[in-house]
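Visitor: I am new to this one. Could you show it to me and let me ask how you know things?
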Amino acid sequence: MDSTSFVLSGSNVRCEFNIADNVWPVEADEGQMNQVINNLIINADQAMPDGGVIKVHIENLLESREIC
């Protein structure tokens with residue numbers, strides 16, 4: 001969330017978070033995950049020059065499903 005706020009500072013795009021309370025921990029490189037999220041936020045920001053909302057939703061999934 002901190003990283004997203006920094007990336008969007010000065011932008012007319014805002015970010016909404018929906019993060020489940022019981023999200024499972026993952027074993028991943030924190031630096032690489034930050035870079036991936038930053039790149040996604042930067043791309044979304046650049047794709048909405050007139051402003052908009054980026055929605056970040058995090059939840060546990062037991063099986064794969066299509067994202068609409």
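Visitor: How many residues does helix 2 have, and how far does helix 2 reach from its first C-alpha to its last?

Guide: Helix 2 runs over residues 30-47 and has 18 residues. It reaches 26 Å, close to the 26 Å expected at 1.5 Å a residue. The expected span is 1.5 Å times one less than the number of residues. A caution: this is a predicted model, where local features need pLDDT of at least 70, side-chain atom pairs count only at pLDDT 80 or more, and totals for chains, interfaces and linings use all residues. Residues are numbered from 1 along each chain as its sequence is written, and side-chain values use heavy atoms, with hydrogens and water left out.

Visitor: What makes something a helix or a strand here?

Guide: Both are DSSP runs, numbered from the N terminus: helices are H or I with at least four residues, strands are E with at least two. The protein has two helices and two strands. Along the sequence they follow the pattern α-β-α-β.

Visitor: Which residues of helix 2 are buried?

Guide: Asn-38, Ile-41 and Asp-45. Buried means under 20% relative accessible area, exposed over 50%, and partly exposed in between, with a 1.4 Å probe and protein chains only.

Visitor: How do you know that they sit on the same side of helix 2?

Guide: They cover an arc of only 70° around the axis, so they share one side of helix 2. The arc is taken from the directions from the helix axis to the C-beta atoms. An α-helix has 3.6 residues a turn, so residues three or four places apart point the same way. The face turned away from the buried side carries the exposed residues Gln-32, Leu-40, Gln-46 and Ala-47.

Visitor: What covers the buried residues of helix 2?

Guide: The cover includes helix 1 (2-7), strand 1 (13-19) and strand 2 (52-58). Contact means heavy atoms within 4.5 Å.

Visitor: Why is Gly-10 called exposed?

Guide: Gly-10 has 88% relative accessibility, so it counts as exposed. Gly-10 lies in the loop between helix 1 and strand 1.

Visitor: Which residues form the largest nonpolar core?

Guide: Five residues: Leu-8, Val-13, Cys-15, Ile-41 and Ile-54. A nonpolar core is a set of buried Ala, Val, Leu, Ile, Met, Phe, Trp, Tyr and Cys residues joined through side-chain atoms within 4.5 Å. Leaving aside residues up to four places away in sequence, Val-13 touches Leu-8, Asp-45, Met-48, Gly-51, Gly-52 and Ile-54.

Visitor: How many residues are in the protein, and what share of them is buried?

Guide: The protein has 68 residues, and buried ones make up 13%.
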